[in-house]
Amino acid sequence: MRLCREALAHLPSHVYRPDYDVSRLQPGIVHLGCGSFHRAHQVTATQAAINAMGEKGLRWGIATTAMRRPELVRQLARQDNLFTLLTREPHDTTASVIGSITDSLFAGDPEANLAGRIADPRTRIVTLTVTASGYYLTADNRLDPEADAILADLRRLDEDQPARTATGLLVQGLAQVRAGGGVPPVILCCDNVAHNGATLRRAVTDFAALSGRDALADWIEATVQFPDTMVDRITPTTFADDIADARRLLGGIEDAVPVPAEPWFEWIIGEFEGPRPDWEAHEGTQFVPDVAVFERAKLQMLNGTHMILAYVGGLAGLTTIAEAAADPVLGPIAAHFMRNEQSAGVELPAPRLDRYTRNLMKRFRNPAIVHQVERIGRNGSAKMAARVIRPMRENLLAGRPVTGAVLLIASWIRWFALHEQEALEISITDPRAKSLRLICAEARDDHRAQAEAFLAMEEVFGPPLPRYDHIVSEIAALLHRFDTQEIRQVLADLAADI
Ligand code: CS2
């Protein structure tokens, strides 16, 4: 039997599930960017909220949207929008059936009518997980007016066609709210972007202004709430093992799209006005006046360290974050980088930073989470500024070491250089892959030219770093060593130095 509403009655008793009648749910939330993380995070917390709220919770169903690929939402629709969350502890997995989605949509279907859904008075909240690269931002966190996807969407707006980027869709939806004199929904960005709410607000108002709608831009600025959030749950891709485990745990009921995730869950949300689900019913959710410190700690210490593990791990032939974090040489380099470099500007007491570091390294080592370095390594050019360069810049200004950041950047460049020589086993996905590969093709064996050309990309690295020449030389020296020595030797030397 396939997972569907009818199957709910046949689930083994130990499986957590919706306490409510899923057929009575109404969509109160529109989501852009339906993927694994969204399902393991917001969709799961929303089910906990609806379970806790009884009858009043039924207005908080989620109309969720895939932005680029329809397969997942088509499959969810075949399963009455139900799926299984597999919570993976190192030696134990539990299954929960999640049923807080009311509609599974694809942004490429004109009948999805996303602008109309955003403007529907029932929609009180729009959430987003389109990844950092889905906002088309430059290193200073502004909308990139030259990005192809943004240019294409500006043309769509001109022609009254449905937009395809999140920013374009928000502009179209909010334009309809304004035209109808309605109350706009709260826009809740749930991506790992610095000051994600404020950044999204600026991207949306910039987009509105670029499309010639200045009055709309002013209205959005004055009336629409874009709270900042910090989101955290490590959620890898679904593999065949996950499908098999779901079948076993659901007593033979078949789910084609289960989501594996770690037990850890955090969602810190800037307080906002208006109705909302009781998300605090899910442990790990908090509403706070200011998200900044949580967000910085998470982006730099978790996401930034993920990057060093991915890029260096990939060069050392390791395939998952768990392997990289457990590696006797790379693990300590990463932990040192996290605690000593990536905590720059994170205003928390030292014992808390120590604890946070220990806990993160333990989460990274969870062997039940198969998080490929290839995936974490994706879209580095969109992640670099907020996760790595910001603390690196502060460390340089303060005269503190930046050994880890230099290693991270050199390893990232090395991915492109090896790819250019067809010597990388990992595939590279990056919005700027073409120009980055071109740099490597042009610089060939000239490591300094390579390092210089990368660092000069202000849209990735921002304005020149303090001690620019020195940093370029250090990166070039590492690139040279990568070419001439065993990576293990390079790492062992670095580990001995820190
Ligand atoms: C990762 C994140 O892909 C990445 O960039 O660092 O997806 C990370 O796993 C999550 O933010 C954890 O909350």
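Reader: Is His195 buried, partly exposed or exposed, and what is its relative accessible area?
Author: Buried means under 20% relative accessible area, exposed over 50%, and partly exposed in between, using a 1.4 Å probe and protein chains only. His195 has a relative accessible area of 34%, so it is partly exposed. This is a predicted model, where local features need pLDDT of at least 70, side-chain atom pairs count only at pLDDT 80 or more, and totals for chains, interfaces and linings use all residues. Residues are numbered from 1 along each chain as its sequence is written, and side-chain values use heavy atoms, with hydrogens and water left out.

Reader: Where is His195 found?
Author: Helices (H or I, at least four residues) and strands (E, at least two) are DSSP runs, numbered from the N terminus. His195 sits in the loop between β7 (186-189) and α6 (196-210). Its phi is positive, near 45 degrees, in a residue other than glycine.

Reader: What about the phi of Asp160?
Author: Asp160 is not a glycine, yet its phi is positive, about 60 degrees. Asp160 lies in the loop between α4 (148-158) and α5 (166-180), and counts as exposed at 68% relative accessibility.

Reader: Which side chain does the side chain of Asp232 make a polar contact with?
Author: A polar contact is a pair of N or O atoms within 3.5 Å; within protein, one must be able to donate a hydrogen and the other to accept it, and residues adjacent in sequence count only if both atoms are side-chain atoms. For Asp232 the partner is the side chain of Trp264, at 3.3 Å. Asp232 lies in strand β8 (residues 229-232) and is buried, with a relative accessible area of 2%.
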